[in-house]
Amino acid sequence: MANQVTQSASIQAHLRVHRMVESAVMLAIAVVLSLFPFSSPWALGGGITVCSMLPLVILSWRYGCRWGVFAAFVYGVLQMILGIQNVQYADSVGTAVLIILFDYVFAFSVIGFAALFKGRLGHPRLELVLGIVVTFLVRLGCHYISGVVVWEVLCPNELGWAAPIWSIAYNASYMIPEIIITGLVASLSYGPLERYYQGKDLI
């Protein structure tokens, strides 16, 4: 009995180390992918990346939403550090807090809920894509709020559009392509990587 308890504790410790190392690698991949955005003819701003959020989605699917939110929160902090000049545009402490929360902390942490539908619909690929669509749309909502409340005050748009219209147009112009690209790649990769997405290699 004592040997079984010791063995179980050893396995759990190994899994925790594995999770930490894998998460660090995934976060590094996500950060690197985010450093190479591209624009498009329809984009009013922002940058479209090639699946920079997918590593966060995978972590959520492999280890659950709680760990996924934690990993996504860490990623948001890293993005804030890389984009610290955006925070420096703030003209008050309150404005800085809004930028930090809605452009980084809330906007990226929500991606950790990508596994919310896992095992609920009976179709894993659909659950995966739906999780991406929903969480990315919530991220879009966070950026939209920031655009209306913060950025339109700090940097009024040159086209003279009403703040709500400009914010949704600006943010959707890069977030919608991001949703499509990530959802498509996740769907196509799920088949050959099913065991990995489902975390079956951890058992």
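Predicted model: local features only at pLDDT ≥ 70, side-chain atom pairs only at ≥ 80, totals over all residues.

Tutor: Happy to. On the surface, V17, V21, V25 and I29 form a nonpolar patch, and together they have about 330 Å² of accessible area. One of these residues, V21, belongs to helix α1.

Now for the charges. How many salt bridges does a search of the whole structure find? The count is 2. In one of them, R62 pairs with E22, with the closest N and O atoms 2.7 Å apart. This pair ties together distant parts of the chain, since R62 sits in helix α2 and E22 in helix α1, 40 residues apart. R62 also meets D201 through their side chains, in a salt bridge of 2.8 Å from N to O. Here too the link is between distant parts of the chain: R62 is in helix α2, while D201 is in the segment after α8 (194–198), 139 residues away. Put together, E22, R62 and D201 make up a network of salt bridges.

Are these three residues buried or exposed? R62 has a relative accessibility of 7%, so it counts as buried. E22 is buried because its relative accessible area is 11%, and the cut-off for buried is under 20%. D201, at 38%, counts as partly exposed.

Next, follow the chain into the loop between α1 (2–34) and α2 (54–63), where you will find T49. T49 has a relative accessibility of 7% and therefore counts as buried. Not counting residues up to four places away in sequence, T49 touches L33, S34, P37, F38, E178 and I181. With one of them, E178, there is a polar contact from side chain to side chain, at 2.4 Å.

The backbone deserves a look here: C51 has a positive phi of about 60°, although it is not a glycine. As background, most residues other than glycine have a negative phi.

Q79 lies in helix α3 (residues 65–82), and at 14% relative accessibility it counts as buried. Leaving aside neighbours within four places in sequence, Q79 is in contact with V31, S34, Y104 and F108.

Two of those names, Y104 and F108, take us to helix α5, where both are among the buried residues. Others buried in α5 include T95, A96, I99, F102 and D103. What covers the buried residues of α5? The cover includes α3, α4 (84–88) and α6 (124–154). Finally, helix α5 (residues 93–109) has a kink of about 40°, centred on L101.

How values were computed. Residues numbered from 1 in each chain as written. Heavy atoms only, no water. Helix = DSSP H or I, 4+ residues; strand = E, 2+ residues; numbered from the N terminus. Buried < 20%, exposed > 50% of the residue type's maximum accessible area, 1.4 Å probe, protein only. Contact = heavy atoms within 4.5 Å. Polar contact = N/O pair within 3.5 Å; in protein donor to acceptor, adjacent residues only side chain to side chain. Patch = residues over 30% accessible without salt bridge, like charges linked within 9 Å, V, L, I, M, F, W, Y side chains within 5 Å. Areas by Shrake-Rupley, 256 points an atom, 1.4 Å probe, with all protein chains shown as cover. Salt bridge = Lys/Arg side-chain N within 4 Å of Asp/Glu carboxyl O. Bend = angle between axes of the 7 residues up to and from the residue.
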